[in-house]
Every structure is written in structure tokens, then in C-alpha cells.
Amino acid sequence: MIIQQTLNALSLGSMYALIAIGYTMVYGVLRLINFAHGDIMMVGAFSAFVTYSVSGSFSLAVLVAIFVASITGILTYKIAYKPLLDKDAPKISLLITAIGVSFFLENLFNMLFGGIPKAFNYPKFFDKLIHIFGAVTPLSSIIIFVVTFIVLLVVLWFLNKTKYGIAIKAIAFDMNTVKLMGINVDFLIILVFIIGSALASLGGIFYAISYPSIDPLMGVLVGLKAFAAAVLGGIGSVSGAAIGGFILGFSEIFVVAFFPDMAGYKDAIAFFFLILVLLFKPTGIMGIDFERSRF
Amino acid sequence: MIELKNITKKFGGVTAINNLNFKVNLGETFGLIGPNGAGKTTAFNIITGNYNPTSGKIIFKNEDITNEKPSKIVRLGIARTFQNIRLFKSMSVFENVLIGFDNHIDYTFFEAIFRFPRFFREEKKFKDEALKILEVLKLDKYKDYTATSLSYGNQRKVEIARALATSPDLLLLDEPAAGMNHSESEELAQILEVIKKEFDLTIILIEHDMKFVQKVCDRVIVLDYGKTIFEGTPADMLKDEKVIKAYLGDFNV
Amino acid sequence: MRYFTTLIITTILVIGTLYFANNHLDGYSVMILSNLGIFIILAVSYNLINGVTGQFSLEPNGFVAIGAYVTALLLLDKDSKSMQFMLSDPSPFVMWMHASFIPALLISGVVTSLVALTLAFPVFRVRGDYLAIVTLGFGFIIRIFAINQDAYTNGSMGLSSIPHDANLLWIGIFALITVVVVLNIVYSKFGRAMKAVRDDEDAANAMGVNTFKMKTYAFMTSAFFEGIGGGLMATLLTTISPDQFTFMLTFQLLIMVVLGGLGSITGSIMGAIIVVVGMEWLRFLDEPNLLGFTTDAHPGLRMVVFSIILILVMLFARKGLLGDKEIWDKFRKQK
């Protein structure tokens with residue numbers, strides 16, 4: 001049973017990790033909680049749903065999901081955030097538009113697809129049962145974990161080893177210096193939104209396969225939890241977001257496994273972590289300190 | 001009055017201040033001189049508790065105030081102005097000064113909600129006080145203007161007025177004459193004389209304008225890359241070999 | 001004194017108008033006005049933390065739910081409770097708690113502001129950034145608890161037959177109290193300090209303002225009136241259930257506060273009027289035969305329109321109707 005639950009936890013944690021990375025990267029460059037991020041995951045899942053129903057090709061569905069989610073991310077930045085950043089508007093204005101975009105996406109999809117959860121179709125081979133260390137698990141949970149692991153390695157490689165990645169990390173600490181170095185900051189921020197949205201859409205598809213249904217509000221709670229995971233790992237840190245995601249995945253699965261009575265409160269665990277982190281270690285596990293005084 | 005003992009501050013690997021020592025006596029006007037990046041504002045931020053020093057001690061009125069919080073340090077009697085003016089932008093000049101009185105106005109949250117007599121009494125008392133400060137600084141005619149709509153020079157004076165409202169014994173002025181023209185800085189020098197007497201102040205100021213420094217400061221200390229290279233009177237400073245060598249061209253004498 | 005004269009005249013005028021409206025208007029208008037009264041209470045108090053103090057928070061739906069449940073459980077009598085609780089027997093505490101209308105509302109307010117205190121402590125100790133996400137999450141937690149704590153909330157069945165104690169007159173009086181109290185705070189050293197926190201937190205700190213305390217005061221006061229607003233809502237509707245207090249409520253309040261101007265109390269009142277009337281007026285958007293096309297209904301189009309309005313206001317008219325000024329400031333000579 002432990003092995004079974006561990007596999008479940010790994011695939012749930014993968015999903016949180018993928019979504020948490022988008023939060024943490026946007027926070028890193030803009031110091032903004034991108035409330036719309038959870039909904040971008042929903043947009044990705046719906047795009048995959050529609051494409052797969054129409055074309056029957058799952059790989060095409062994944063590509064379309066990544067594409068549509070990235071475009072949504074870019075548009076969100078360009079239309080809703082950038083004008084306010086250019087005007088040097090107070091942060092509260094940005095947070096309000098962020099919530100506005102989130103609510104807009106939820107209700108737009110609610111209007112287009114209706115609020116009733118839709119069964120999410122996916123190729124049958126995902127359901128193939130695999131025997132591993134004496135446990136039985138659908139192939140999907142292995143795929144989810146392996147894909148996430150590879151994606152994480154690629155993102156970390158990109159951030160640490162490529163010119164653009166290093167520049168993105170530099171804006172997180174000092175945007176003005178990066179500007180002075182003649183790097184196009186706007187382009188880097190768009191890149192951050194593309195990476196975050198693409199990962200979120202993958203997370204959305206994985207969510208849809210695991211449950212397997214989608215609805216316009218699916219991104220709200222998952223997004224909130226992923227944000228808590230990002231804070232737990234240390235907001236601003238990509239590896240921290242991944243670690244936070246897995247910790248949250250494991251906690252949710254094992255709390256329910258060991259204390260079945262607590263099943264109804266599973267969704268409160270992330271919130272509990274968030275409060276604990278704020279109380280005892282506000283910089284999270286990876287401990288990035290943005291609290292430099294601005295004098 | 002105040003003494004900094006072996007203060008060192010490091011940011012990551014960079015040493016902003018290296019073993020800074022000075023003592024300011026009661027009633028003195030003390031200048032902190034040095035080019036940009038010499039660690040002067042950092043020294044202010046350490047005194048006011050915005051930064052904790054990496055090592056060293058600060059003694060104020062015979063009390064160790066190292067590592068105290070900014071709000072506590074204000075209550076102990078140290079007030080400051082900012083290099084890049086930081087007035088409350090939604091408020092009038094008058095309200096900005098009233099914020100300085102926050103610790104002195106004595107009524108509770110409930111007395112404010114239910115408008116107890118003490119609320120009206122205290123508000124009246126400190127509004128009169130605020131007006132007095134504005135009069136001393138010749139700002140009374142701008143009382144109801146939005147603070148940030150005033151001229152640069154007047155905004156600096158509002159910052160001083162706001163700092164005075166906290167009723168400090170020690171006033172820290174971060175480049176008070178910056179951006180002022182000649183007649184404005186002349187006027188400021190006079191005003192500093194007046195408020196020093198009126199409010200029994202000791203002043204530490206950071207300034208680049210050497211004429212202004214010569215006029216108002218009794219003693220100065222010169223920093224270079226976090227190190228102290230001179231301590232003495234402004235007149236001696238201008239003759240000092242080391243200072244001239246280090247700063248030739250930086251002084252607008 | 002001028003302050004008290006103004007207060008007394010305003011009170012008489014407001015109560016007189018409400019008394020007239022309560023007795024002479026039709027049921028529909030009284031219902032809309034009662035709704036408006038509750039939204040004024042909620043919008044004005046929400047503005048204290050968001051607009052005046054500048055700490056972005058998304059708490060109202062959670063806090064209103066607390067107020068509604070506490071009031072409902074205090075007002076329902078023992079027989080009604082033991083009859084209603086289907087999923088499990090009501091806890092002894094629930095059976096024991098009882099109060100009449102006004103004390104019940106006040107208790108709801110106090111309980112809600114104590115909950116606010118426990119949330120404020122971890123958040124404000126760090127910085128304001130996470131308040132929005134913590135309060136957003138709290139809205140979900142409250143729902144989880146409302147559904148799972150059968151013995152206290154009757155789970156997803158909710159509570160019904162709550163005594164219909166609130167009428168337009170009472171709601172109006174509470175709205176007036178809310179506005180007066182919040183204005184009294186704004187025009188005191190506490191209000192000035194809250195605005196200072198909003199304008200420049202570091203500078204406020206440097207002037208000796210206890211910024212943690214100011215944020216906590218603002219948040220607890222908002223919570224107090226949101227609890228009362230929730231209680232009034234429960235007695236006005238007479239039934240409550242966990243699904244009633246969704247984020248939608250918070251979103252409506254956010255639009256009111258933003259439209260009126262963050263930081264303007266009179267602006268929030270105007271925002272509440274516009275949104276409550278606008279919600280009624282825009283109802284046609286959710287009708288099945290919009291603009292002559294018969295479709296399978298557009299559930300949510302109204303909300304799409306509202307979110308677009310919010311984004312547009314933020315992008316092009318960030319200050320809303322009144323900015324951070326009050327209506328009377330607009331009549332004074334501008335300097």
C-alpha cells in the first residue's frame with residue numbers, strides 16, 4: 001500500500017510542482033501573485049479536451065494546449081499587467097487586475113462550456129496497469145512523474161546554463177541593472193510567462209487525466225495549493241517550487257491514507273502549510289530573501 | 001549624545017562600512033561627508049534600525065540601541081529625513097506633519113471611534129503644535145496643499161517638519177540641501193539654526209554642498225569606501241591632504 | 001459642536017427616509033434597498049483594509065459566512081436546531097448558544113474579527129503581500145469546514161427558518177453605524193497612520209507608526225462589520241448554505257470599492273449603489289434570448305461583463321469615481 005500511495009503522491013506532487021513553477025517565476029520577475037495562473041492551467045486542459053475530441057490525436061492536443069496556454073499567458077501580461085507596470089501603478093492595482101483576469105477566464109469558459117464537469121477523454125494506454133514493486137498502478141501516473149522530472153531538469157538547465165535563463169534570474173534581483181546591460185527585459189518577462197503557462201497546461205492535462213474530468217473552476221483550488229507549495233519551497237526559487245509541490249502532494253496523499261477521517265479536510269492542508277511557513281520561515285525552504293530594504 | 005563604536009556593515013561580500021567610529025556631542029551639528037557609495041546613508045539606516053550592523057555598537061543617551069526596531073528608535077528620540085524625498089503622497093502637508101505626532105497623540109482606538117472628549121482635545125492640541133512647526137519652517141501657507149505638489153526645496157522642508165513632529169533629540173538629515181538653489185540653501189541654513197535652538201536639537205547631516213557644510217557644521221567626518229579618512233572641523237577638512245587627494249573634483253567648493 | 005450637529009441631522013434624515021421607504025415602498029424595492037444596505041456595510045468596511053490601508057485582501061466571502069453562521073445558530077431555538085440537523089446531532093455547544101437579534105449580530109462581529117486577528121498575525125508579521133492569497137484560501141477553508149462540520153453547520157444542507165429579524169430600518173441603521181465608525185477611524189490619528197502605511201510603509205515606520213498594529217486594526221474592523229453584514233444577510237434571507245458564500249460575493253465588493261475609488265468611503269457607497277442597481281439591470285445578459293438570438297442561455301455572461309469592467313477601470317481609470325478623496329473634498333477649493 002505504501003508503494004501504491006507513494007506513486008500516487010509522486011504524480012499529484014508533479015502536478016503541483018508544474019503549476020507552482022509558474023507562480024514562483026512570475027513572482028520572481030514582477031513581485032506579483034499572478035492570480036490568473038491557475039486558470040491558465042484550466043485553459044490548457046480545455047484546449048486539450050477540445051483538440052482531442054476534434055482531431056483524435058493526443059500529441060496534437062498536448063501541443064495545442066501548450067500553445068493556447070502560452071498565448072493566454074502572453075496576452076494576460078501584455079494587456080493586463082504591462083500597461084500598469086509602465087505607468088508605475090501601485091501594486092494593489094496589479095493584484096486587482098490579476099484577480100479580474102482570473103475571474104474573466106473562469107466565467108468566459110463557464111459561458112462557453114457550461115459549469116458542469118466534462119468527462120476528459122484520453123488514449124486508453126494511459127490506463128494500462130503496470131506492476132511495479134508489487135504495486136499496481138495505471139501507466140499514467142508513471143508517465144506524469146517521468147515527464148515532470150524531465151521537464152524540471154530542462155527548466156533548471158535553461159535557467160542556470162543559458163544566457164536568457166541567467167538573465168531571468170538576474171531580473172529577479174535587480175531589474176534596473178539588467179535593463180542597463182542592454183537586455184530586453186520585456187522579452188524575458190514574456191519568456192517567463194510562456195514557460196510558466198506551458199508547464200501549467202501540462203499540469204492541467206495531467207490533472208484532467210487523473211480525475212478524469214474538467215470544469216471552468218478547476219484551476220482555482222489547484223492554483224491556490226500550487227501557490228502555497230511555491231511559498232513553502234521559497235517563492236522565487238524554481239527548485240523550491242518543485243520541492244514544495246512534491247511535499248504538498250505527499251502530505252495530501254498520506255494524510256488521507258493514514259487518517260481516512262480527515263479526507264474531507266485534504267484541501268485545507270496546503271493552507272495550513274502556508275500559515276506555518278509564514279509564521280516560522282517566511283523565506284521558505286530554499287530561503288530566497290526579497291526583503292531587502294528599499295532605502 | 002550618540003556614539004558609534006566599531007560599526008561594520010557587510011552586504012553579501014561587499015563591505016559598505018568598515019569599522020566606523022564617531023561620537024556626537026549634545027547640541028552639535030555633525031557632518032557625514034564622502035562621495036556617493038561611501039556608506040553614509042547606510043550609516044543612517046543603521047542608526048535608525050533599518051539595517052542591523054554586522055558588528056559594532058550604537059550608544060544613544062547612554063543606552064545601547066543596536067538592533068532596535070525603527071519604530072522604537074523614533075520613540076527614543078531619533079528622527080530622520082530621506083535622501084530621495086519620501087512624503088506621504090496622498091496627504092496634505094499638514095497631515096504629513098501630523099503623522100510625525102503619531103506616538104504623542106494620546107487616545108485609544110475606541111476613543112476615536114466613539115469620539116470621546118479626549119479625542120477632540122488631543123486632536124486640537126497637536127494640530128496647533130503642527131501649525132507651530134509649519135510656521136517656524138515658513139510652510140504654514142502650504143498647509144492644505146498636497147505635499148508632493150510643492151517645490152523640491154519645500155518638500156525637503158516638509159520632511160524636516162515631519163521629523164520634528166516626532167519631537168526628536170537627534171535629527172538625521174540625508175542631503176537636506178540637495179536640489180536647492182543658492183538662496184534656498186541659504187534659507188535652509190538659517191532655518192536649521194532656528195530649529196536647533198527652538199527644539200534643543202543635535203543634528204547629523206549628510207551633504208555634498210561644501211559651502212553649506214562649512215556654514216552649518218561644527219565638526220565633520222569624511223568617509224571613503226566605508227573607511228574614515230578625516231575627522232575635525234570643516235575648515236581643516238578643506239585643507240587636509242588626504243581629503244583633497246581622495247575627493248578632488250567631487251567637492252563643489 | 002459641529003461634529004455632533006452633523007451626526008444628529010444625518011441620523012434623523014437617514015432614519016426618517018428609511019422609515020418612510022419601509023412602510024410605503026413595494027416589496028421588491030424594499031428587498032433591493034435592504035440588499036443595498038448590506039452591500040454598503042460590506043463595501044465600506046472592505047475599503048478600510050483595501051483602500052485606506054492599501055492591503056489587498058480577498059476575505060469578504062469567508063468572513064460574511066462566519067457572521068451568517070454565527071448569527072443563524074444564535075437566533076435559531078433549540079427545537080428548530082434539533083429538527084434541522086439531519087446529518088448528525090447538533091453539538092451541545094450549538095444547542096446551548098442562543099441570543100436575541102442585536103446581541104447575536106454583535107457576537108458575530110466579534111467572532112469574525114477574532115478570526116481576522118488569527119489570520120492577520122502570520123501575514124502582517126511578514127509583509128502584506130500574502131494577505132490576498134491567505135484570505136482567498138481562507139474562503140475555501142471556511143467552505144470545507146462548513147461542509148464537514150455537520151454537528152456545527154448541518155453540513156451541505158445549511159440552515160433554514162432563521163428568524164426574519166432584519167428589516168430595512170435595522171439594516172439602514174447598521175449601515176449608518178458602519179459608515180460613521182469607519183469615517184471616525186479615517187479622520188483620526190489611526191486613519192492617518194493607515195493611509196501612511198498605504199502610501200509608504202517604510203517611511204511610516206521611520207516616523208514611529210506601528211505598521212503591524214495599524215494593518216491589524218484595519219483588518220479586524222473590516223472583519224467586525226463583515227461579520228455583522230453576514231448576520232444581517234442570514235436574517236434577511238432566512239436560509240444559508242455553504243455554497244452561498246462564494247468568491248463571487250468578494251468579487252462584487254471589489255468592483256464596488258474600485259469603481260468608487262480605493263480609499264474613498266463615500267466612493268464605496270456610490271460603488272455599492274451602481275453595482276447593486278447594475279446587477280439588476282444587467283440581468284438581461286443571462287437571459288436565454290439575448291439580442292434576439294435564442295441560445296441555450298448564457299450563464300456567466302453577466303460576470304464576464306463585470307470582470308471586463310473591473311479590468312478596464314483598473315487600466316484606464318485607476319482612481320475610480322472619487323480617487324482617495326471623499327465627496328465633500330470635491331466641493332472644497334482644490335489646491
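## Strands side by side

Two strands count as paired if DSSP finds at least two bridges between them. Keep that in mind as you look at this predicted model, starting with chain B. Strand β4 (residues 55-60) of chain B is joined to β5(B) by 2 bridges, and the two run antiparallel. You can find one spot where they face each other: B:I59 stands opposite B:D64 in β5(B).

## The four-stranded sheet of chain B

Those two strands belong to an open sheet of 4 strands, in the order β2-β1-β4-β5 (chain B), with antiparallel pairing. β2 (14-24) and β5 (63-64) of chain B sit at the edges with a single partner strand each, so one side of each has no neighbour in the sheet.

What lies across this sheet? Helix α1 (residues 40-47) of chain B lies across β1 (2-11), β2 and β4 of chain B. Its direction makes an angle of about 115° with β1(B).

## The six-stranded sheet of chain B

Chain B also has an open sheet of 6 strands, and here the order is β6-β7-β8-β3-β9-β10 (chain B), with mixed pairing. Its edge strands are β6 (78-80) and β10 (227-232) of chain B, each pairing on one side only. On average, neighbouring strands of this sheet are turned by 15° against each other, direction ignored.

Strand β3 (residues 29-33) of chain B runs parallel to strand β8 (residues 202-206) of chain B, joined by 4 bridges. Here B:T29 stands opposite B:I203 in β8(B). In contrast, strand β9 (residues 219-224) of chain B and β10(B) run antiparallel, with 5 bridges between them. B:V222 has B:F230 in β10(B) as its bridge partner. β9(B) and β10(B) make a hairpin with 2 residues between them, and B:Y225 in the turn has a positive phi of about 45°.

Helix α7 (residues 182-198) of chain B lies across β3, β7 and β8 of chain B, at about 150° to β8(B).

## Where chain C meets chain B

Now zoom out to the chains. 32 residues of chain C are in contact with 32 residues of chain B. Together they bury about 3,000 Å², with 61% of it on carbon and sulfur atoms.

How many salt bridges are there between chain C and chain B? The count is 4, and one to look for joins the side chains of B:R86 and C:D202 (3.5 Å, N to O). There are also 13 residue pairs in polar contact between chain C and chain B (both at pLDDT 80 or more). On the chain C side, α10(C) gives the most, with 9 residues. That side divides into 17 nonpolar, 5 polar and 10 charged residues.

## Where chain A meets chain C

Chain A has its own contact with chain C, with 46 residues of chain A touching 45 residues of chain C. They bury about 4,100 Å² between them, 77% of it on carbon and sulfur atoms. A:I96, A:F103 and A:Y265 supply 16% of the area that chain A buries here, more than any other three residues.

Across this interface the rule finds 0 salt bridges, along with 5 residue pairs in polar contact (both at pLDDT 80 or more). The largest share of the chain A side, 15 residues, comes from α4(A). The residues on that side divide into 35 nonpolar, 6 polar and 5 charged.

Methods:
Residues are numbered from 1 along each chain as its sequence is written. Chains are lettered from A and ligands numbered from 1 in the order in which they are written. This is a predicted model: local features need pLDDT of at least 70, side-chain atom pairs count only at pLDDT 80 or more; totals for chains, interfaces and linings use all residues. Side-chain values use heavy atoms; hydrogens and water are left out. Contact means heavy atoms within 4.5 Å. Buried area is the accessible area (1.4 Å probe) that two parts lose on being put together, summed over both. A polar contact is a pair of N or O atoms within 3.5 Å; within protein, one must be able to donate a hydrogen and the other to accept it, and residues adjacent in sequence count only if both atoms are side-chain atoms. Ala, Val, Leu, Ile, Met, Phe, Trp, Tyr, Cys and Pro count as nonpolar, Asp, Glu, Lys and Arg as charged, and the others, Gly among them, as polar. Axes are lines fitted to C-alpha atoms, for helices over the stretch in contact, and angles run from 0 to 180 degrees between N-to-C directions.
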